[in-house]
Amino acid sequence: MLQDFKITQRWPATQPDVIQLYSLPTPNGVKVSAMLEETGLPYEAHRVSIMDGDQFTPEFLSLNPNNKIPAIIDPNGPDGKPLPLWETGAILIYLAEKSGKFLPTDAAKRAEVIQWLMWQMGGFGPMLGQFGFFYAFGGKEIEDKRPMERYRDEAKRLLGVLDKRLEGREVVAGDEYSIADIAIWPWVRALFTAYNASDVLELESFPNVLRWHTACADRPASKIAVDMPPKP
Ligand SMILES: N[C@@H](CCC(=O)N[C@@H](CS)C(=O)NCC(=O)O)C(=O)O
C-alpha cells in the first residue's frame with residue numbers, strides 16, 4: 001500500500017493510484033518529469049525543496065537513502081506491488097519498459113541508447129554539475145581556479161564528443177527520440193539557464209548540440225517538465 005511508505009506522511013498523495021514523483025526542476029529532476037510527460041503515464045508531483053534541506057528529512061531518506069531528487073513510487077509496479085525507485089538512469093529505464101516507449105526493442109539499438117544514457121549518468125551530468133558548482137554557485141569565490149578550470153575543460157571536451165555524435169543526426173542514439181536524449185538535454189539547458197555559461201564554454205562552437213537541444217527543449221513535454229513540480 002502506498003500509505004505504508006513513510007514519505008507519504010510528509011508529502012501526502014491525493015491520487016494514490018498514480019506514480020508519485022518527488023522532485024524539483026533541476027537537470028536531474030527535469031529528466032524524470034520529461035519522461036513522465038512524454039510517456040503520458042499519469043503521475044502526481046510533490047515538490048522537494050533541496051534548498052531547504054527536504055532531502056535530509058527522515059521521510060525523504062526513507063525512500064532515497066542517497067538524499068537526492070528525483071525519486072518515485074509506482075503504486076502499480078511489477079506483480080501489482082508498489083515499487084520505490086531512485087537514480088534517474090534506473091527510473092528512465094523502468095518507465096521506458098513500463099510504457100514501452102523511448103527504449104528500442106532491437107538489441108543493438110537498445111544497447112546504444114543505454115550506452116549514451118550511461119555516458120550522461122557517469123560523465124556529462126556529474127562533470128557539468130561540478131563545473132556549475134565552481135563556476136556559478138558555492139565554489140565561485142574560491143581563489144584557486146584550478147578546480148573550475150578542470151571541470152570547465154572536461155565539460156567542453158564532453159560537449160565536443162556530443163557535438164561530433166550529433167553531426168548529421170537528429171537524436172543521440174538509435175533512430176528515434178529516446179531516454180538518451182531525455183537524459184542529456186536538461187543538462188545542456190542548465191548551461192544556458194542556471195549556470196549562465198554560454199561564453200565560458202563557447203557553446204556557439206557546438207552547433208550540432210545547439211540544434212539538437214532546441215529541438216528537444218521545444219517538445220511540448222519538455223516545456224511542461226522544466227516547471228515540474230510547479231512553484232507553489
Ligand atoms: N545520480 C543521481 C543524481 C541526483 C542529484 O544529483 N540530484 C540533485 C539535484 S540535481 C540533488 O538532489 N541534490 C541535493 C543534495 O545533494 O543534497 C540521479 O541521477 O538521480
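The structure holds 10 aromatic pairs, where rings of Phe, Tyr and Trp (its six-membered ring) pair if their centres lie within 6.5 Å, with planes under 30 degrees apart counted as stacked, over 60 as edge-to-face and the rest as tilted. One of them is edge-to-face because the rings of Trp11 and Tyr22 have their centres 6.4 Å apart and their planes at 70 degrees. Trp11 lies in the loop between α1 (7-10) and β1 (19-23) and Tyr22 in strand β1, so the pair ties together parts that are 11 residues apart in sequence. Helices (H or I, at least four residues) and strands (E, at least two) are DSSP runs, numbered from the N terminus. Trp11 counts as buried at 8% relative accessibility, and Tyr22 counts as buried at 0%. Buried means under 20% relative accessible area, exposed over 50%, and partly exposed in between (1.4 Å probe, protein chains only).

The model is predicted: local features need pLDDT of at least 70 and side-chain atom pairs count only at pLDDT 80 or more, while totals for chains, interfaces and linings use all residues. Residues are numbered from 1 along each chain as its sequence is written, and side-chain values use heavy atoms, with hydrogens and water left out.

Trp116 and Trp119 are both buried.

Phe131, Tyr135, Phe137 and Tyr195 make up one aromatic cluster. Phe137 sits in the loop between α5 (107-136) and α6 (146-165) and is partly exposed, with a relative accessible area of 43%. Phe137 is also one of the members of a nonpolar surface patch with Phe133 and Ile142, which together have about 260 Å² of accessible area. Patches are made of residues with over 30% relative accessible area and no salt bridge; like charges are joined within 9 Å, and nonpolar side chains (Val, Leu, Ile, Met, Phe, Trp, Tyr) within 5 Å. Accessible areas come from the Shrake-Rupley method with a 1.4 Å probe, and for residues only the protein chains shown count as cover.

Charged pairs come next. Side chains of opposite charge can pair when their charged atoms come close. The structure holds 11 salt bridges, each a side-chain nitrogen of Lys or Arg within 4 Å of a carboxyl oxygen of Asp or Glu. Among them are the following.

| Salt bridge | Closest N to O distance |
|---|---|
| Glu38 and Arg219 | 2.7 Å |
| Arg110 and Glu97 | 2.8 Å |

The bridge between Glu38 and Arg219 links distant parts of the chain: Glu38 is in helix α2 and Arg219 in the loop between α8 (207-217) and α9 (220-225), 181 residues apart. Glu38 is buried, with a relative accessible area of 16%, whereas Arg219 is partly exposed at 26%.

In the bridge of Arg110 with Glu97, Arg110 lies in helix α5 and Glu97 in helix α4 (residues 88-99), so the pair ties together parts that are 13 residues apart in sequence. Arg110 counts as partly exposed at 27% relative accessibility, and Glu97 counts as partly exposed at 48%.

Asp175 is exposed, with a relative accessible area of 58%, while Lys109 counts as partly exposed at 33%. Elsewhere, salt bridges that share partners join Arg10, Asp54 and Glu59 into one network.

The residues around the ligand are Thr26, Asn28, Ile50, Gln55, Phe56, Asn67, Lys68, Ile69, Glu87, Thr88 and Met121, a residue being near if one of its heavy atoms lies within 4 Å. A polar side-chain atom of Lys68 lies 2.5 Å from a ligand oxygen atom. For Gln55, a side-chain N or O atom is 2.8 Å from an oxygen atom of the ligand, and for Asn28 the corresponding distance is 3.4 Å. A polar contact is a pair of N or O atoms within 3.5 Å; within protein, one must be able to donate a hydrogen and the other to accept it, and residues adjacent in sequence count only if both atoms are side-chain atoms. On its own the ligand has 520 Å² of accessible area, of which the protein covers 78%.

Pro25 is found in the loop between β1 and α2 (27-39) and counts as partly exposed at 24% relative accessibility. Pro25 and Ser49 are 24 residues apart in sequence and 10.0 Å apart in space, C-alpha to C-alpha.
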